[in-house]
Structure formats: C-alpha cells, structure tokens
Amino acid sequence: MVVARVAPLVQLDADGWCAGIRRLPSENCDARPAGLPVDLLVLHNISLPPGRFGEGCVEALFCNRLDTRADPFLELLAGVRVSAHFVIERDGRTTQFVSCNRRAWHAGASSFRGRGRCNDYSIGIELEGTDFTAFEPAQYAALARLTQALRAVLPLHAVRGHSHIAAG
C-alpha cells in the first residue's frame, strides 16, 4: 500500500523563516554555534497573565514591550528577555518570532541526553495554554503542519516538553 504524503502548508526558507506564517521578529535571540545541527524540538505552554489567553502579553514579552504594570503577575517579568521561535495561539494562528537559523532564548538552563544548553540546537514552540487547560484542536493541527515543515529541512530527531529538558 502506498500512502501519499501531504505537502506541508508552510515552508521554511533559506533564511530560517516560514512562508505563510505571521512574522514578528524578536531581539531576544543570537547566533547559534557553528556546525551544530538543530535536532530537538522543544514544546512549551504559556499564558500571560497565567490562565488568560489572547491578550497579547506573550507577543509583548517576546518583543520587549510588556507593560509590567498591567497586572501584578507581570511585574515579576520586568527586565526578562525571552523568546521562542514560534507561538501557536488558541485558534491555531501561528507567529514566528525568531529565524530557525538563530538561537531563541526559550529553554533556559537545560540538558538533553547529556548535552547542555538546549537553545543551541533546538527549535522552541510555545502553545498558548497551561498545564491544566486542554489545548484546542486548531493548535494541534497547526503544530502538526509546522512540525512537518520543520522536519522537511531540519534533522529533528526528538520532541520534548520543556519540563523534560529543564528540571525545576
């Protein structure tokens, strides 16, 4: 039996950006170490303030525009500089913040299979949600399309949640 493979709806260009995905470049990134293959996909969940969705705070955080006075929880994030390569919102809308050719600052102090500094060799994807809220079907569909596109050009060998690479 021959199974036809469906082409991904998004494609990664040579500059590391996905065509057809909203692009909002973050300054919170830097160069990857030379010669290190990008072979790990790290999934995260995020909501700001916790448990609230669609308020634009994640985007503002990744672009260093977060109004930390807007909520007492956000005050804890004053001066924090983080990013991920992609964010998938509750409705499946996907935004790319960092080129896949660059190192996003998503994993923090981390280790996978004895290798530290997971940001060096991983792609970070944030799903808008919490540990206690089910993700939406549109998010799973967007994640599947994005993962297929990334696997078409990157030697991804593993997918892990943030808690699996950054204990505590």
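## The second largest pocket

Lining the second largest pocket are 16 residues, and those that lie nearest its centre are Gly56, Val58, Glu59, Glu89 and Glu128. This pocket, found in a predicted model, has a volume of about 160 Å³.

Sorted by class, its lining holds seven charged residues, together with six nonpolar and three polar ones.

## The largest pocket

The largest pocket has a volume of about 700 Å³, and 30 residues line it, with His44, Asn45, Ile46, Glu126 and His162 lying nearest its centre. Its lining divides into 15 nonpolar and 13 polar residues, while two are charged.

Four elements each supply at least two residues of this lining, namely the strands β5 (40-46) and β11 (122-128) and the helices α1 (57-62) and α3 (162-165). The most comes from β5, which gives four residues.

## Confidence in the model

Across the chain the pLDDT averages 93, and 95% of the residues score at least 70. Residues 1-8 are a stretch where pLDDT stays under 50, and for them the model has six contacts beyond four places in sequence. Where pLDDT is low, the predicted coordinates should not be read in detail.

Definitions and conventions. Residues are numbered from 1 along each chain as its sequence is written. This is a predicted model: local features need pLDDT of at least 70, side-chain atom pairs count only at pLDDT 80 or more; totals for chains, interfaces and linings use all residues. Side-chain values use heavy atoms; hydrogens and water are left out. pLDDT is the predictor's confidence in each residue, from 0 to 100. Contact means heavy atoms within 4.5 Å. On a 1 Å grid over the protein atoms alone, a cavity is a set of points where a 1.4 Å probe fits but cannot get out, and a pocket is an open set with protein on both sides within 12 Å along at least five of seven lines; lining residues have an atom within 4 Å of a point. Grid points are joined across faces, edges and corners, and a volume is the space filled by probe spheres set on the points. Ala, Val, Leu, Ile, Met, Phe, Trp, Tyr, Cys and Pro count as nonpolar, Asp, Glu, Lys and Arg as charged, and the others, Gly among them, as polar.
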